[in-house]
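Have the model open while you read.

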Amino acid sequence: MSELQELIRHGEGERLEFKKKTTHPTRISRTLASLANTHGGRVLVGVDDDGRIVGVRDAEEEMYVLRLAAEQYIDPPIPLNFKEVEEEGRTVLIVTVRESTHKPHRAQVAEGDWRGYVRVRDESVQTSGLTEKMLERQQPQQQLEKLPLNRHELAVLDYLRKHPRITLAQYMRLGNLGRRRAYQTLIKLTLHGYIRHHDKEKEPYYTL
């Protein structure tokens, strides 16, 4: 099994993203920034969401857009490593992003609008100012460690074992906590891999 096939076999996750192609620097910049802000990882350009190898038409053009995103649409800029591989007669670009020592990185999502992102499972999740302050204090690999949890943190996990999800408001009531303390706890549990953040609906929520 080739290196590419082995990567695809594992599927998308915290350190791996599939991209059919890079359509615009603002879109890919969020993924690149989230990887640099978390544990680093790879983007496979020319691989569909379902893991099917579709290849890229022009590898040089893809690398140009990726470099543009990394250098001009992410602050501070991040370095990228590229590797072209041939598989099934198609070219796939393996883009490697190292975990940064200069966190947090912000991605430009619109003119004058810069936002931070972290990688949570297989999603790039927007950060708050509070999360960015946490990132500033972390050294590479530090957030990989499992932490001893206090009673407020354990209460979240206990609740989620009995219920499908929890929102910030629900957790504030559950723990009789202020908004800032409750949010800090939920983000800490998310970054350390205990729970998962979802923001596809009107009100964000968390699951195991």
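Domain 1 and domain 2 bury about 970 Å² between them, with carbon and sulfur atoms giving 50% of that; buried area here is the accessible area (1.4 Å probe) that two parts lose on being put together, summed over both. On the domain 1 side, Val 120, Arg 121 and Glu 123 supply 46% of the area buried against domain 2, more than any other three residues.

This is a predicted model, where local features need pLDDT of at least 70, side-chain atom pairs count only at pLDDT 80 or more, and totals for chains, interfaces and linings use all residues. Residues are numbered from 1 along each chain as its sequence is written, and side-chain values use heavy atoms, leaving out hydrogens and water.

The bounds come from an automatic or database domain assignment:

| Part | Residues |
|---|---|
| Domain 1 | 3–127 |
| Domain 2 | 143–207 |

Their C-alpha centres sit 28 Å apart. Counting contacts (heavy atoms within 4.5 Å), 12 residues of domain 1 meet nine of domain 2.

What about charges? The rule picks out two salt bridges across the interface, each being a side-chain nitrogen of Lys or Arg within 4 Å of a carboxyl oxygen of Asp or Glu. Glu 123 pairs up with Arg 196 in a salt bridge, and their closest N and O atoms are 3.5 Å apart.

As for the make-up of the domain 1 side that touches domain 2, its residues split into three nonpolar, three polar and six charged. In this scheme Ala, Val, Leu, Ile, Met, Phe, Trp, Tyr, Cys and Pro count as nonpolar, Asp, Glu, Lys and Arg as charged, and the others, Gly among them, as polar.
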